[in-house]
Structures are given as C-alpha cells and as structure tokens.
Amino acid sequence: MINLDIIKDKLNFGSEFDSQFLTPKDQLFPKFWKGSSLNPIVARKLMEIADGVIRSLDISEQEVEDVIITGSIASYNWHEGSDIDLHIMLDFEKIDDNMDLVKRMLDQTRINWNKKHNITIAGKEVEIYFQHYTEPHEANGIWSLELEKWLAMPVKLDPKIDLQTTEKKAESIATCIEHLFEMFKEEKFKEAYNFACKLKSKIARMRQSGLNDEGIYSPENLAFKMLRKSGYLEKLASLKIEAYDRMMSIKLENNSHNSTENITKSWKNFIKEK
C-alpha cells in the first residue's frame, strides 16, 4: 500500500506552500538584482559555474546557444527556499542526431551534478538544467547571462491559487512514481522504463496545458513545481535511466540483486528524509 500521508508530507502540502512560495514581493531578490540588472559578481560566478559544466561535457562552444537564469529567483515570487535555476541552452542536434540519447545523457549529467555539488550564492543553491534551445520555456522572468539582458521581464502578479486542485494533481503523479518504483523493485525493467517514459510525457503535457490555459499559476504548473521541489521528478528521471540500463543489460550471472537493492535503499531514504 502507498502511504499518501508520506507523499503529502514530502510534497509540503498546505498553508506552508501557499505562504512561502506564492506571495509576490515588492522587489526582486535584492542580493541578486540591482535595479533591473543582475549583480555583476553573481553573473560572473554563474558563468564560471556554467563554463565548468560545459567543459565537463566535452562539447564545442558552437553547441551552446545561451546560459539563462529563470524561476522564482528571477521573479517577484522569490522566497526563502528559492534556488537558482541555471539553464544551459544547447543545440541537442549538434551533439548527436539521436535526440533521445542526448536527452538521457544530459538528464543523467544534470542529476549527478546536482547530487554531487552544493554551491550557494547568497544562500541560494545552484541547480543546473540542460535545455534544447528551441524548447518553449514559460516563465515570469528569464535573464540571459550571455546577452546580459532580460529575455522575459518579470511582472508582479497577484495570483489566484487553486491549491486544492494543485494538491490533487501533484498527489496523483506522486502516486504513479511510487508505483513505478514498485515495478522496478519487482525487476520489471522494460515495463518500468515504458511507464516512466509515459509518465514523463504525461507530466510535460499536464504542465504545458496549464501554462497555455492559465499561465504560471495554473494548478498544473504549480503541481509540477511541487513535485520538482520535493524530489519526485528527480527520482522519476533516475528510475527511468536505471530501468533502461537494466533492460538493455545482459545478465550472464546472478548479479542484479545489488543494483536493485541499491535503488530500493535510495528510495527508502528519500521517503524517510522528513
């Protein structure tokens, strides 16, 4: 049985979410922004971090289209728990013709980097993301580190939040991810991989539908953010990659137990974190 109380605890449902994450501020995060421009000290450090990540990928500069920061730290909705969403904009097709392979590789690189590093600037943790440069990105604020200007100027909004619907959507997805883990634990690797792919597509469609209909404060987009903040989306990505690797592996001797056991321990630690 899936314990929905644990899921709700992990997702931080309730008034804490409403008060901390959705109340607009009167100004942008003052330690980052000087007027409407990014603090040059912050800009230089973020570019230094991005350059290090890019070098580790062993790709050419021609494959890098831009480096941007977005999310709540680039809007009036910054809060105590805000992190720095550092997006490295790449042309995936220049890396390899197999876009799915490139995305899987970059997903794993992102997960590993974010797990390994704990870099903070003014108390805000840096989280890296890789994005295909033509992929639509809906956000209240987008700042280009390459061009040193706003690509999307943040606007102060007074949102009307449907928290009940948001909670239901997030809980539904979290339950599916719990089920995915059970499939992996039972060593149904092909089924788990296919379900993970389907689930990731469903989440993407859900979020995009909400953005198209009601914007960044839609229940669908807020549910996505709750799942991401709680770690469920990272676990989904990890399970997808691990299921694919296990599905494509050839077992010549009985050595699969330790790998599955490690994932099981990781999941149990994730559930018990709070």
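Which residue follows α6 with a positive phi? The answer is E187, whose phi is near 65 degrees. The model is predicted, and this report walks through its parts.

## Overall make-up

The chain holds 10 helices and 8 strands. Of its 274 residues, 47% are buried.

Six strands form an open sheet with mixed pairing. Their order is β5-β6-β4-β3-β7-β8. The edge places go to β5 (120-121) and β8 (149-152). Each has a single partner strand, so one side of each lacks a neighbour in the sheet. In general, strands of a sheet pair through backbone hydrogen bonds, either parallel or antiparallel.

| Strand pair | Direction | Bridges |
|---|---|---|
| β3 and β4 | antiparallel | 6 bridges |
| β4 and β6 | parallel | 7 bridges |
| β3 and β7 | antiparallel | 3 bridges |

I68 stands opposite H87 in β4. L86 has I128 as its bridge partner in β6. I69 stands opposite W143 in β7.

Why is β4 described as largely enclosed by the rest of the structure? Because 7 of its 7 residues are buried. Both faces are covered. On one side sit I84, L86, I88 and L90. On the other sit D85, H87 and M89. Helix α5 lies across β4 and β6. The angle between α5 and β6 is about 175 degrees.

## Two nonpolar cores

In soluble globular proteins, nonpolar side chains tend to be buried together. Here the largest nonpolar core has 37 residues. Which of them touch the most other members? They are W33, L46, L86 and L145. Several elements give two or more residues to this core: α3 (40-57), β3 (64-70), β4 (84-90), α5 (99-116) and β6 (124-132). Helix α3 gives the most, with 9 residues.

L46 is then in contact with I69, I84, L86, I121, V126 and L145.

Another core, of 25 residues, lies apart from the largest one. Its members include A174, F195, L233 and A243.

## A buried loop residue

F32 is found in the loop between α2 (15-21) and β1 (33-34). Is F32 buried or exposed? It is buried, with a relative accessible area of 0%. Not counting residues up to four places away in sequence, F32 touches S37, L38, N39, V42, I73, I84, I121 and A122. One of these, I121, is 89 residues from F32 along the chain. Yet the C-alpha atoms of F32 and I121 are separated by 8.9 Å.

Helix α6 covers residues 163-185, which makes 23 residues. From first C-alpha to last, α6 reaches 33 Å. That is close to the 33 Å expected at 1.5 Å a residue.

Helix α7 (residues 189-214) has 26 residues. At 1.5 Å a residue, α7 should span 38 Å. Its end C-alpha atoms are 37 Å apart, which agrees. Just after α7, G215 takes a positive phi of about 85 degrees.

Which residues of α7 are buried? They are F189, A192, Y193, F195, A196, L199, I203, M206, R207, G210 and L211. An α-helix has 3.6 residues a turn, so residues three or four places apart point the same way.

Two packed helices are described by the angle between their axes and the distance between the axes. The axes of α7 and α9 (residues 232-248) come within 8 Å. They cross at roughly 145 degrees, and the crossing is left-handed. On the α7 side, the residues that meet α9 include F189, Y193, A196, L199 and I203. Among their partners on the α9 side are L233, L236, A237, A243 and Y244.

## A buried arginine

R104 lies in helix α5. R104 counts as buried, because its relative accessible area is 14% and the cut-off is under 20%. Leaving aside its neighbours within four places in sequence, R104 is in contact with Y193, I241 and Y244. Y193 is also among the buried residues of α7, and Y244 is one of the α9 residues that meet α7.

Notes. Residues numbered from 1 in each chain as written. Predicted model: local features only at pLDDT ≥ 70, side-chain atom pairs only at ≥ 80, totals over all residues. Heavy atoms only, no water. Helix = DSSP H or I, 4+ residues; strand = E, 2+ residues; numbered from the N terminus. Expected span 1.5 Å × (residues − 1). Buried < 20%, exposed > 50% of the residue type's maximum accessible area, 1.4 Å probe, protein only. Core = buried A, V, L, I, M, F, W, Y, C linked by side-chain atoms within 4.5 Å. Contact = heavy atoms within 4.5 Å. Pairing = 2+ DSSP bridges. Axes fitted to C-alpha atoms, helices over the stretch in contact; angles between N-to-C directions. Left-handed = near helix turned anticlockwise from the far one by under 90°.
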